[in-house]
Amino acid sequence: MRSSWFSKLSVIFGSRPPLSWLLLCLISLVALITVLGSSSSNAFDSVTPTPVPNIYLNYRRLKEQAAVDYLELKSLSLGASRQRELGLCGKERENYVPCFNISENLLAGFKDGEEFDRHCEVSRDRDRCLVRPPKDYKIPLRWPTGRDVIWSGNVKITKDQFLSSGSMTKRLMLLEENQITFHSEDGLTFDGVNDYSRQIAEMIGLGSDSEFLQAGVRTVLDIGCGFGGFGAHLLSLKVMAVCIAAYEATGSQVQFALERGLPAMIGNFILRQLPYPSLSFDMVHCAQCGIVWDEKDGMFLIEADRVLKPGGYFVLTSPTDKLHESSVSMKNRNMLTPLEELTQKICWSLLAQQDETFIWQKTGDTDCYASRKQGAVPLCQEGQDDQSYYQPLLSCISGTNSKRWIPIQNRSSNSHMTSTELEVHGVLPEDFFEDLQVWKSALKNYWSLLTPLIFSDHPKRPGDEDPLPPFNMVRNVMDMNAHYGGLNAAFLEEKKSVWVMNVVPIRAPNTLPLILNQGFAGVLHDWCEPFPTYPRTYDMLHANGLLSHLTSERCSLMDLFLEMDRILRPEGWVVLSDKVGAIEMGRTLAAQIRWEARVIDLQNGSDQRLLVCQKPFVKK
């Protein structure tokens with residue numbers, strides 16, 4: 001017997017309901033189930049507390065796996081051709097540095113030394129491929145052992161090149177079977193780094209080089225740093241020394257310094273300004289750096305003045321052999337006469353001369369420029385020195401109208417930024433210190449992720465339950481969108497044995513002066529172009545919001561990922577934080593360049609995600 005409700009329906013639709021009605025009922029039923037399922041899921045999410053501060057721990061593995069599955073389905077929908085892994089470059093590109101192709105620069109008409117400069121605009125498009133490591137490449141030794149011993153197969157230098165190098169190199173290095181060993185500080189001769197550093201300190205009126213920080217010397221630009229001995233010593237005194245040197249196809253100073261875990265990048269004095277704002281460094285150091293400072297009407301020295309802070313020091317050690325000091329003393333004086341004339345024109349005073357070392361101090365008083373004699377170097381007009389990203393060299397004095405014109409001797413000796421100093425940089429103290437707290441929390445969680453277990457089917461999140469990576473797991477770190485330098489500050493507070501290259505994108509707010517004023521390493525850079533460094537020079541790359549920032553730019557994200565792969569060491573790490581759409585795109589690109597990758601939901605209710613990747617060691 002039919003039920004009463006079915007009888008009523010039969011009266012309306014007849015004994016056999018139409019097919020369209022049945023289809024409508026089926027669709028309505030599916031929609032109802034979907035709505036109920038979604039609402040119940042939302043209700044469950046709403047009552048689930050968000051763990052603080054360990055926001056990456058205790059996440060729901062099923063939810064993350066669903067996100068991963070979704071990304072895989074989406075990547076498949078893009079087409080098989082776009083998901084094909086990229087091949088390896090040929091052996092000739094093992095040490096490839098874009099923008100420094102000398103033969104291409106010559107073909108483009110650059111000459112008289114300009115062919116050695118950076119010319120990204122003439123770089124030809126190449127097939128996209130992954131720069132492979134040399135056959136004898138080995139993972140660098142951990143710090144601090146890696147500071148004194150490096151694998152010879154990791155740098156491009158032959159035994160013949162080593163043997164033909166100068167006596168200073170032979171004093172500082174020993175070439176063994178497959179290693180290059182640098183003398184420890186205790187083994188240096190009288191004219192070694194310890195004594196040289198102490199000599200500089202005494203020449204500027206200090207009792208010893210341990211007083212550099214108290215005297216306001218926190219950052220040093222070391223031009224033509226050799227193989228990093230002076231910079232390594234300064235780092236031991238907690239003074240940040242950044243090495244810059246010209247591109248060299250073999251025996252590169254920059255490559256050696258980075259391989260030792262010391263801050264360095266390619267840079268030179270030829271045509272353009274260095275990628276630093278005015279008033280950036282407390283000391284500029286040149287020991288046999290090969291630059292003729294009074295060439296081109298003194299524009300090289302004016303560039304050194306531009307990046308030097310008020311009251312800062314310019315240290316020049318000439319290449320004269322000390323064994324012939326007495327016979328060439330007068331010649332030395334004649335050589336330096338044009339320099340002395342030029343230094344007077346830019347308000348530098350010669351503090352001291354000892355042996356072949358000369359130290360000038362930049363004035364801290366802008367009134368000096370008004371009292372100079374006729375023919376002095378003019379002051380830059382307002383706005384003339386605002387841009388400093390590889391702009392043509394200026395023939396005027398920069399920074400005299402800047403709020404940051406503060407003599408280094410007048411700064412607080414406290415390592416932390418004061419509210420007054422932050423206001424000079426246009427930064428609210430509450431914003432700065434809030435940013436620092438965020439990065440302190442984030443770093444603790446990042447560190448727990450740096451383990452291959454993250455890519456396995458491990459039943460729990462790598463974190464408190466698993467051993468944390470050692471403090472010296474990574475050494476060379478690059479923050480590709482550094483903002484205030486908060487990640488760098490967090491690394492220091494956690495006592496990790498790292499240094500950070502804080503990169504400020506040129507189209508982002510220019511916070512580099514604030515970063516440098518904290519005693520950190522940093523640089524301006526356009527991420528639509530390759531970074532001026534050699535392959536395999538960083539252990540970890542980090543970027544917060546960079547992918548979203550670049551989606552509106554003219555550059556290709558694939559080119560960015562290829563550049564990241566080039567500068568990242570095998571088994572190195574990449575941590576990207578961004579919006580979910582940018583992270584999805586990043587994961588797809590990471591698969592194409594053969595990185596292990598995992599997307600992590602922060603579980604804080606935002607659309608932010610983490611992409612954690614590790615570059616494999618491809619030995620093919």
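**Notebook: loops, a helix, cores and a pocket**

I started at Thr 400, which sits in the loop between helix 13 (367-370) and helix 14 (419-424). Helices (H or I, at least four residues) and strands (E, at least two) are DSSP runs, numbered from the N terminus. I note that this is a predicted model, where local features need pLDDT of at least 70, side-chain atom pairs count only at pLDDT 80 or more, and totals for chains, interfaces and linings use all residues. Residues are numbered from 1 along each chain as its sequence is written, and side-chain values use heavy atoms, with hydrogens and water left out.

Is Thr 400 buried or exposed? Thr 400 counts as buried because its relative accessibility is 14%; buried means under 20% relative accessible area, exposed over 50%, partly exposed in between (1.4 Å probe, protein chains only). I then listed its contacts (heavy atoms within 4.5 Å). Leaving aside neighbours within four places in sequence, Thr 400 meets Thr 366, Tyr 369, Leu 379 and Trp 405.

Next I looked up Ser 278, in the loop between strand 6 (264-266) and strand 7 (281-287). Ser 278 has a relative accessible area of 7%, so I logged it as buried. With neighbours within four places in sequence left aside, Ser 278 is in contact with Arg 306, Asp 385, Ser 398, Gly 399 and Arg 404.

**Helix 11**

Helix 11 (residues 299-307) is mostly covered, with nine of its nine residues buried.

**Cores**

I checked nonpolar cores: sets of buried Ala, Val, Leu, Ile, Met, Phe, Trp, Tyr and Cys residues joined through side-chain atoms within 4.5 Å. The largest has 103 residues, and Tyr 276, Trp 293 and Phe 314 have the most contacts inside it. Helix 19 (residues 557-567) gives the most to this core, seven residues. A second, separate core of 23 residues includes Trp 439 and Tyr 446.

Not counting residues up to four places away in sequence, Tyr 276 touches, among others, Met 265, Arg 306 and Val 307.

**Second largest pocket**

Which residues lie nearest the centre of the second largest pocket? I found Lys 238, Leu 492, Gln 518, Gly 519 and Phe 520 there, out of 34 lining residues. Helix 16 gives the most to the lining, with four residues. By class I logged 17 nonpolar, 10 polar and seven charged residues. Ala, Val, Leu, Ile, Met, Phe, Trp, Tyr, Cys and Pro count as nonpolar, Asp, Glu, Lys and Arg as charged, and the others, Gly among them, as polar. A pocket is an open set of points on a 1 Å grid over the protein atoms alone, where a 1.4 Å probe fits, with protein on both sides within 12 Å along at least five of seven lines; lining residues have an atom within 4 Å of a point.
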